[in-house]
Amino acid sequence: MSTWGGQQGHTEDEGSGEAPKRPKRKSRKGEERPLEAPTPPPPADTRAQRVLYVGCEGESTEPDYLNYLNERFGDGSLTGGRRFRIQPVFAKNGLTPARAVAQVQAKAEEDEAWALFDRDQHHDIPEALDLAAEQGTEVCFSHPSFDLWLLLHFQAFGGKRSGSSKDVVDALRQADPAFKDFDKRNDKSVKDGRREALKKKESAAVRHARSMVDQCEHDRCKVKSTRKDRYQWAGAPERPDPLIPDSGHAADCPVLDRDPSTDVWRLLVSLDIVDA
């Protein structure tokens, strides 16, 4: 006779005339389901990377500087663990302000969009600002040029100007040996020694830029508030929304009259490179 399990043999009840008792079968419910690995604990670092597309009027200086920010601060080691990646959007021979805004909006799609452009001699700045406002693109406007932002790493700069960048470039060339040939032979790059010269001067640049707002001839301009922006990204630590500072300029302060000024500091504060 065969017992449960299929083995042949004798039992103590053999020949007693009674059917041998079978052991009670235990439930096999679930035994045939494939085994599943236990859910692993969350990694120690769940901080995600913030992605920003930044439209650039220039083809060299601004993209070089943004890539410098990526390399120095993007891994989060100097920003309290908040990692980011900037995608510069630019074109050979540059873009007008309105085109810089349009290009970055097309590239960014649902991602965060910013635009950097200068006063220079552009005539489409009002159009660029309107286009940016329609789709929530953040603008960092510099008057007379982005070169002013570089200069502010080394020194303060103020006083009513003529709208020309010559004074800014002359001061920048004297501010540090790495920039002595800046804008000579079409070299407006921000690489190698020039990057080294900028290191650890970000806080000074932000402080100098903010002080220029307080010196604006429009009597209601003052850096005093910070707002939360709508952008979010999965796994963001501590603060789910990046903080985007207001420019500090009053709503009725004419943009084209802000000479000199630069809003690039807002980008660094938003990226947690500098507290403000």
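Student: What should I know before I start?
Tutor: Residues are numbered from 1 along each chain as its sequence is written. This is a predicted model, where local features need pLDDT of at least 70, side-chain atom pairs count only at pLDDT 80 or more, and totals for chains, interfaces and linings use all residues, while side-chain values use heavy atoms, with hydrogens and water left out.

Student: OK, what's the average pLDDT of the protein?
Tutor: The average is 83, and 76% of the residues score at least 70. pLDDT is the predictor's confidence in each residue, from 0 to 100.

Student: Where does pLDDT stay under 50?
Tutor: Residues 1-16 are one such stretch, and residues 42-47 are another. Where pLDDT is low, the predicted coordinates should not be read in detail.

Student: New topic: which residues touch the most other members of the largest nonpolar core?
Tutor: Tyr-65, Leu-69, Trp-149 and Leu-150, out of 49 residues in that core. A nonpolar core is a set of buried Ala, Val, Leu, Ile, Met, Phe, Trp, Tyr and Cys residues joined through side-chain atoms within 4.5 Å. Buried means under 20% relative accessible area, exposed over 50%, and partly exposed in between (1.4 Å probe, protein chains only).

Student: And what is Tyr-65 in contact with?
Tutor: Skipping neighbours within four places in sequence, its contacts include Phe-146, Trp-149, His-153 and Leu-268. Contact means heavy atoms within 4.5 Å.

Student: Let's do strand 3. Why is it largely enclosed by the rest of the structure?
Tutor: Because seven of its seven residues, 112-118, are buried. Glu-112, Trp-114, Leu-116 and Asp-118 cover one side, and Ala-113, Ala-115 and Phe-117 are on the other. Helices (H or I, at least four residues) and strands (E, at least two) are DSSP runs, numbered from the N terminus.

Student: Which strands does strand 3 pair with?
Tutor: Strand 1 (residues 49-56) runs parallel to strand 3, with five bridges joining them. Tyr-53 stands opposite Ala-113. Strand 4 (residues 138-143) also pairs with strand 3 in the parallel sense, over five bridges, and there Phe-117 has Phe-141 as its bridge partner. Two strands pair if DSSP finds at least two bridges between them.

Student: Last one, helix 7. Which of its residues are buried?
Tutor: Among them are Glu-202, Val-206, His-208 and Met-212. The buried residues of helix 7 pack against helix 1 (61-73) and helix 8 (265-270), among others.
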